[in-house]
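Subject: Structure handover

Hello,

Here is the structure I promised to pass on. Please open it next to this email, and then read the notes below.

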Amino acid sequence: MQITEKAWNNYIKKLSAVCNEAGAKMKAFVAKYGLSNQDALLRYAMRLVQQYGEGSAALACEMYDEIAALSGADVPPAEPAEVASQHEVAKGVIGSLKQSPSGNLIDTVVNRLVKRAGADTTLKNAVRDQCEFAWIPSGDTCSFCFMLASAGWRKAGPKTLSGDHAEHIHAHCDCQYCVRFDSKTEIKGHNPKALKAEWDSLTGKTSEEKRRAYRQKMELKKRQDEFIIELEGNSSEVFKKQAPGGLKENLEKMGFDVKPLGRGGLKGVTFEEGGGYKTDYGGNGYIQYHPSEGSHHDGAYYKISNAKQGKRWFRLNGDEFDGRKRGRKEI
């Protein structure tokens, strides 16, 4: 059985909406009434965690029961986990005020505790029914979520929960637990083998070292994404403000694989030896620099190509020209 991407995304969107609404209401309360009346603050936080936590748990029960029914699993209906206690809410809120006296972290506490109710529900029923569970990443996954996701599917047991709760739940994150009752059940688009292979490939012997390497990798990816947005949005400025050697160096610092040209008279000739270079990006895009030697466009030039804009040519001063015909002048 395969759980469709649409079905899974609908589930996590609903959970996210519940968590985010609870957090937004907490933030609005603080903005309106301030922090001076701590009793009122704690009462309202508890009310939100109770109300929205029950909603989070109910959604988790629905998904659990749907998967069980589709799998033909003979298990009782899922039971919602208890929401955070008054003590847990107070501990979280007061702790957030110590970290940030302005109160700008209180909504994060509420968001996290509401999300935890759904995660607890999934795991407690998985332990009860002795099925498998996995942490399914979503969006820009943090290093800890990626580490959990790399573990793939695991049998639920007594050590699945830490005390009474799922571990490491944090706010503003769409990663979530899923269960399965047989090894044939998968979520479309979820590839635990690839996740594990990527985790294993990270530099480091300990989990913390690998998580650090993953964070560095994600930071490079962020820089690459920002560069691509700038490149495709304002190519002339990108090329005008740096020489070919400087652009090549920046591309390499951002983690792009910069190689000599693969065709023509300068095929395989390194930039240092007078050749050009090319780097692929975004799956179907590339940037290419060609020196004046062997050029069919009256001098050195840059060329970029992507599915959205097609092929475009630029002089080293950033001026765009029509390179579809050899020797064509600037436009």
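First, a term for what follows: a pocket is an open set of points on a 1 Å grid over the protein atoms alone, with protein on both sides within 12 Å along at least five of seven lines, and its lining residues have an atom within 4 Å of a point. This is a predicted model, where local features need pLDDT of at least 70 and side-chain atom pairs count only at pLDDT 80 or more, while totals for chains, interfaces and linings use all residues. Residues are numbered from 1 along each chain as its sequence is written, and side-chain values use heavy atoms, with hydrogens and water left out.

**The largest pocket**

The largest pocket holds about 580 Å³ of space. Volumes are the space filled by probe spheres set on the grid points, which are joined across faces, edges and corners. The pocket has 21 lining residues, and Arg263, Gln288, His290, Tyr301 and Lys303 lie nearest its centre. Strands E7 (285-290), E8 (301-306) and E9 (310-314) each give two or more residues to this lining. E7 gives the most, with 3 residues. Strands (E, at least two residues) and helices (H or I, at least four) are DSSP runs, numbered from the N terminus.

By class, the pocket lining has 5 nonpolar, 9 polar and 7 charged residues. Here Ala, Val, Leu, Ile, Met, Phe, Trp, Tyr, Cys and Pro count as nonpolar, Asp, Glu, Lys and Arg as charged, and the others, Gly among them, as polar.

E8 and E9 pair in the antiparallel sense over 5 bridges. Pairing needs at least two bridges found by DSSP between two strands. Serine 305 has lysine 311 in E9 as its bridge partner. The two strands, E8 and E9, form a hairpin with 3 residues between them.

E9 also joins E10 (residues 320-321), antiparallel, through 2 bridges. There, tryptophan 313 is bridged to phenylalanine 321 in E10. E9 and E10 form a hairpin with 5 residues between them, and glycine 318 in the turn has a positive phi of about 95°.

**The open sheet**

Another 3 strands form an open sheet in the order E3-E2-E4, with antiparallel pairing. E3 and E4 stand at the edges with a single partner strand each, so one side of each has no neighbour in the sheet. E2 and E4 share 5 bridges. Among them, isoleucine 136 is partnered with glutamine 176 in E4.

**The cavity**

How many cavities of 30 Å³ or more are there? The count comes to 1. A cavity is a set of grid points where a 1.4 Å probe fits but cannot get out. Helix H1 (5-33), H2 and E4 each supply at least two of the lining residues. H2 has the largest share, 4 residues. The lining divides into 9 nonpolar, 1 polar and no charged residues.

**Helix H7**

H7 (residues 207-233) has 27 residues and reaches 39 Å from its first C-alpha to its last, close to the 39 Å expected at 1.5 Å a residue. The expected span is 1.5 Å times one less than the number of residues. Its buried residues are Lys210, Arg211, Ala213, Tyr214, Gln224, Phe227, Ile228, Leu231 and Glu232. Buried means under 20% relative accessible area, exposed over 50%, and partly exposed in between (1.4 Å probe, protein chains only). An α-helix has 3.6 residues a turn, so residues three or four places apart point the same way.

**Loop residues**

Is glutamine 242 buried or exposed? Glutamine 242 counts as buried, at 15% relative accessibility. It is found in the loop between helix H8 (235-240) and helix H9 (244-253). Its side chain makes a polar contact with the side chain of asparagine 250 (2.7 Å). A polar contact is a pair of N or O atoms within 3.5 Å; within protein, one must be able to donate a hydrogen and the other to accept it, and residues adjacent in sequence count only if both atoms are side-chain atoms. The backbone oxygen of valine 238 lies 3.3 Å from a polar atom of the glutamine 242 side chain.

Glutamate 82 is exposed, at 67% relative accessible area. It lies in the loop between helix H2 (38-71) and helix H3 (86-99).

Best wishes
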